[in-house]
Amino acid sequence: MAPRALPLLVLCSGLALGLCAASDSASGEQLFKAWTSQHRREYRSQEEFRHRLRIFLDNKQKIDKHNAGNSSFRMGLNQFSDMTFPEFRKQYLWHEPQNCSATTGNFPRSSGPYPRSIDWRKKGKFVSPVKDQGPCGSCWTFSTTGCLESAIAIKTGKLLNLAEQQLIDCAQNFNNFGCSGGLPSQAFEYILYNKGLMEEEGYPYQAQNGTCKFQPQKAVAFIKDVVNISLYDEQGLVQAVGTYNPVSIAFEVKEDFVHYQEGVYTSTECDRTPDKVNHAVLAVGYGEADGEPFWIVKNSWGPQWGMDGYFNIERGENMCGLADCASFPVPLL
């Protein structure tokens, strides 16, 4: 199936899908079949296949229209291309609004120098591999573990693989909601007062809510303080990432972001207020391309999404509220 689909991919890559379909009514369906094979997607009935095909073609048309314009980022087909945005939002983003603005900033801003650009992935083995949260709004747990893993690695040289599932199951008393959402700052507080977080191996990820199975004697990561960057203080965020370690951030995901492929993401549709953020990620660096400053961000939708699981997003404009909920832990070693 894949070899037959290749000419179609080339044929349709630079055209609106509707034009391709007009010249060959079967091309859209063949492209979809190639996509289902690539992503190992199976449907229960012909009716469901047709339903998903319509969604896929609609998404492909939006992608082609975007890419035909003059944008700083490109969109592309990915593992979510047979889903509507409401479906995606229900499965992968926060259900509960998170009140980031309630978090008091305590980051010690200084006038000292910090790097013009930084990428913690290139400075050593300080950033763990991209993980996949699956159909569970647990992004906040991956942002939390990724940040704590990096903070510990930078100080000790040892890169751990920490347990997101423990946070899903055990951190509810700190205003977190498992697969329905939560905040890294509140997860850090849980780890601090809970006295530890286990490794993934001892507390495997399930992508669903469960009962707490924390075993204190198996905890491997500890926190002595939580640092919160003041609301909207993106320059403070730059300083934190540049001089300390990767930082947990959150922002508002809109439909076009789901199909992000490469480049510097920017949006005129997203909000920049703390009540609208719906996805937590990890800022691992920042830089500039063609005079345009951007953040380098680790996502939790698997390495096949975006740029090997990462994306760049505009820096300096609090794009989609990315400077509304920034925090990081001080590890207890």
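I began at D82, which is buried, with a relative accessible area of 4%. Buried means under 20% relative accessible area, exposed over 50%, and partly exposed in between (1.4 Å probe, protein chains only). The model is predicted: local features need pLDDT of at least 70, side-chain atom pairs count only at pLDDT 80 or more, and totals for chains, interfaces and linings use all residues. Residues are numbered from 1 along each chain as its sequence is written, and side-chain values use heavy atoms, with hydrogens and water left out.

**Salt bridges**

I looked up the partner of D82. D82 forms a salt bridge with R41, the closest N and O atoms being 3.1 Å apart. I took a salt bridge as a side-chain nitrogen of Lys or Arg within 4 Å of a carboxyl oxygen of Asp or Glu. R41 sits in the loop between α3 (27-38) and α4 (46-68), D82 in the loop between β1 and α5, 41 residues apart. Helices (H or I, at least four residues) and strands (E, at least two) are DSSP runs, numbered from the N terminus. R41 is partly exposed at 24%.

I counted 15 salt bridges in the structure. K60 and D64 meet in one, 2.8 Å from N to O. Both lie in helix α4, four residues apart, about one turn of the helix. K60 is buried at 7% relative accessible area, and D64 is buried at 9%. R44 and E48 pair at 3.3 Å, N to O; R44 is exposed at 80%. I also noted a salt-bridge network linking K131, E149, E164 and E200.

**Aromatic rings**

My search of the whole structure gave 33 aromatic pairs. Rings of Phe, Tyr and Trp (its six-membered ring) pair if their centres lie within 6.5 Å; planes under 30 degrees apart count as stacked, over 60 as edge-to-face and the rest as tilted. F73 and Y265 form a tilted pair, 4.8 Å centre to centre, with 55° between the planes. F73 lies in strand β1 (residues 73-75) and Y265 in strand β5 (residues 260-265), so the pair ties together parts 192 residues apart in sequence. Both F73 and Y265 are buried.

Next I checked F107 and Y244. Their ring centres are 5.9 Å apart and their planes at 75°, so the pair is edge-to-face. F107 is buried at 10%, whereas Y244 is partly exposed at 35%.

I found one aromatic cluster whose members include F73, F80, Y265 and W301.

**Charges over rings**

I set the cut-offs: NZ of Lys or CZ of Arg within 6 Å of the ring centre and within 35 degrees of the ring normal. R121 lies over the face of Y310, 4.3 Å from the ring centre. K123 has its charged end over the ring of W120, 5.8 Å from its centre.
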